[in-house]
Structure formats: C-alpha cells, structure tokens
Amino acid sequence: MAVIVGNDWTASILERFRMSEDDALENMNGFFKEGGFAKYEIERSRADIEGSTSKLSAHLRIGTLSPNELYHKIEGSDMEYNDRKTFSRRLIWRDLAYFHLLYFPEMRDKSIRLHYEDTEWCSKEEEEKRFNAWKKGQTGYPLVDAGMRELYKTGWMTQSVRMIVASFLVEYLRVNWVKGCEWFHYTLVDADSAINPMMVS
C-alpha cells in the first residue's frame, strides 16, 4: 500500500469534491441543467472534456446522494431511452457489483474471472519497478501516464480511462491485478470494494 507524506495530497481532492448532501444535489442538478446528462451518451469517453461525466459516484459511494434519487431524476427527464441508456445502466451496474460482492466476498483478493488465477505475473524487483512506474504515471505511454497522474492529483479518473490503465497494468505490464485494485482503493475518491475489483480483475 501507499505511504503519503504530508497533508498537501488531500487538499486539492477535498477542495474538488466537497461532500455534503447540498453539494451532491447541486452537482446532480447542474449535470442535468448544464447539458452534461444530455451529452453523456456521446461524450462520456472524452477524458479531455470537463463535465463529460457527472462525478456523482463519489456522492453515491459515501451516501450524500441516494441512488434512488438519481434514478428518479433520470427517469423524470424528457430524453428518449436510447439517449440516456448508458447512464442508466451504469447506475444499475453498481447494484450488480454489490450482488457480486455478496456472492463472492473474497473478490478483492481473488478474481471472479477464473483465468486470472492461472496467470503468471511478474514478481519481486521487476514487479515493483513496473508497478511504481504505473502508479506514478511514468510508463512512457501518454494516455496511461496522464490518467495515473490525474488520479493521484485529483482522486479521479473517468471510467474509460480507468479501464485503460487497469488493462495496461494487467495485460501489458503483467502486474497482479490485486495491487492495482489496492491502489485504486487508496487513491480514488469514489473507491468501492465492490466496484474496484470489477474494474481490474
């Protein structure tokens, strides 16, 4: 696990993600009123566009926003289903993750995808070298490095970038997914014991 020295690391995260019910409702209503929700189906994978995702997962995670309230906000919109289906599905995806955790309580340490149990991971010094390069954003692959630096600085990455950096760690660097899951859990503002393993395992 990581060791953080000093208090500066959390300051920008706490400033960016103010956690109260009022902040959650303000963020949710702003996402709908300012066009983020209407553009989500098209722009959700655009990590270069601020507001392409709602960032409501942090509020959902700690309980300052109820998933029921967000669900009814979605259903109460005047958008056709095909124009909002991905946002709706991702809200429901949370329940699928919790269902998995209920039936696979060891999923933080043991993959629900069985083929990973037979994977030959790199080890010892080579593992530490690769893992440290990945978590510091020093792999030499610009998109991966940008995502990992954003994560450390802000506590956030869009879902698409999370999938890219997680796949890179596991499939290319051959570092055990458990280490990536632990790092996500340590650094993500919306870290979740059910959802994180589904990202990287």
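Visitor: Quick one to start. Is Tyr186 buried, partly exposed or exposed?
Guide: Partly exposed, at 30% relative accessibility. Buried means under 20% relative accessible area, exposed over 50%, and partly exposed lies in between (1.4 Å probe, protein chains only).

Visitor: What kind of model is this?
Guide: A predicted one, where local features need pLDDT of at least 70, side-chain atom pairs count only at pLDDT 80 or more, and totals for chains, interfaces and linings use all residues. Residues are numbered from 1 along each chain as its sequence is written, and side-chain values use heavy atoms, with hydrogens and water left out.

Visitor: Surface next. Which residues make the nonpolar patch?
Guide: Trp93, Leu96, Phe99, Leu102, Tyr103 and Phe104. The patch covers about 640 Å². Patch members have over 30% relative accessible area and no salt bridge; nonpolar side chains (Val, Leu, Ile, Met, Phe, Trp, Tyr) are joined within 5 Å, like charges within 9 Å. Areas come from the Shrake-Rupley method with a 1.4 Å probe, and for residues only the protein chains shown count as cover.

Visitor: Where is Trp93 found?
Guide: In helix H6, residues 81-103. Trp93 has a relative accessible area of 42%, so it is partly exposed. Helices (H or I, at least four residues) and strands (E, at least two) are DSSP runs, numbered from the N terminus.

Visitor: What about Ala97, buried or exposed?
Guide: Buried, with 0% relative accessibility. Ala97 also has its place in H6. In space, 24 Å separates the C-alpha atoms of Ala97 and Glu43, which are 54 residues apart in sequence.

Visitor: Aromatics now. How many pairs?
Guide: The count is 16 aromatic pairs. One of them is Phe99 with Tyr103, a tilted pair at 4.8 Å centre to centre and 50° between the planes. Rings of Phe, Tyr and Trp (its six-membered ring) pair if their centres lie within 6.5 Å; planes under 30 degrees apart are stacked, over 60 edge-to-face, the rest tilted.

Visitor: How many residues apart are Phe99 and Tyr103?
Guide: Four, about one turn of helix H6, which holds both. Phe99 is partly exposed at 45% relative accessible area. Tyr103 is exposed at 53%.

Visitor: Back to Tyr186. Which residue does Tyr186 pair with?
Guide: Trp183, in a stacked pair: 6.1 Å centre to centre, 20° between the planes. Both sit in helix H10 (residues 177-187), three residues apart, about one turn. Trp183 is buried at 6% relative accessibility, while Tyr186 is partly exposed at 30%.

Visitor: Which residues form an aromatic cluster?
Guide: Phe31, Phe32, Phe37, Tyr40 and Phe87 form one.

Visitor: And which lysine lies over the face of Phe32?
Guide: Lys73, at 5.5 Å from the ring centre. Lys179 lies over the face of Phe131, at 4.7 Å. The rule: NZ of Lys or CZ of Arg within 6 Å of the ring centre and within 35 degrees of the ring normal.

Visitor: How many residues in the largest nonpolar core?
Guide: It has 18 residues. Those with the most contacts inside it are Trp134, Met148, Leu151, Met157, Val165 and Phe184. Helix H7 (124-136), helix H8 (142-154), helix H9 (159-172) and H10 each supply at least two residues. H9 gives the most, with five. A core is a set of buried Ala, Val, Leu, Ile, Met, Phe, Trp, Tyr and Cys residues joined through side-chain atoms within 4.5 Å.

Visitor: Charges. How many salt bridges?
Guide: Eleven. Each is a side-chain nitrogen of Lys or Arg within 4 Å of a carboxyl oxygen of Asp or Glu.

Visitor: What does the Arg16 and Glu50 pair tie together?
Guide: First the bridge itself: the closest N and O atoms are 3.7 Å apart. Arg16 is in helix H1 (residues 8-16) and Glu50 in the loop between helix H3 (36-43) and helix H4 (57-62), so the pair ties together parts 34 residues apart in sequence. Arg16 is partly exposed at 32%; Glu50 is exposed at 63%.

Visitor: Which residue does Glu126 bridge to?
Guide: Arg130, with the closest N and O atoms 2.8 Å apart.
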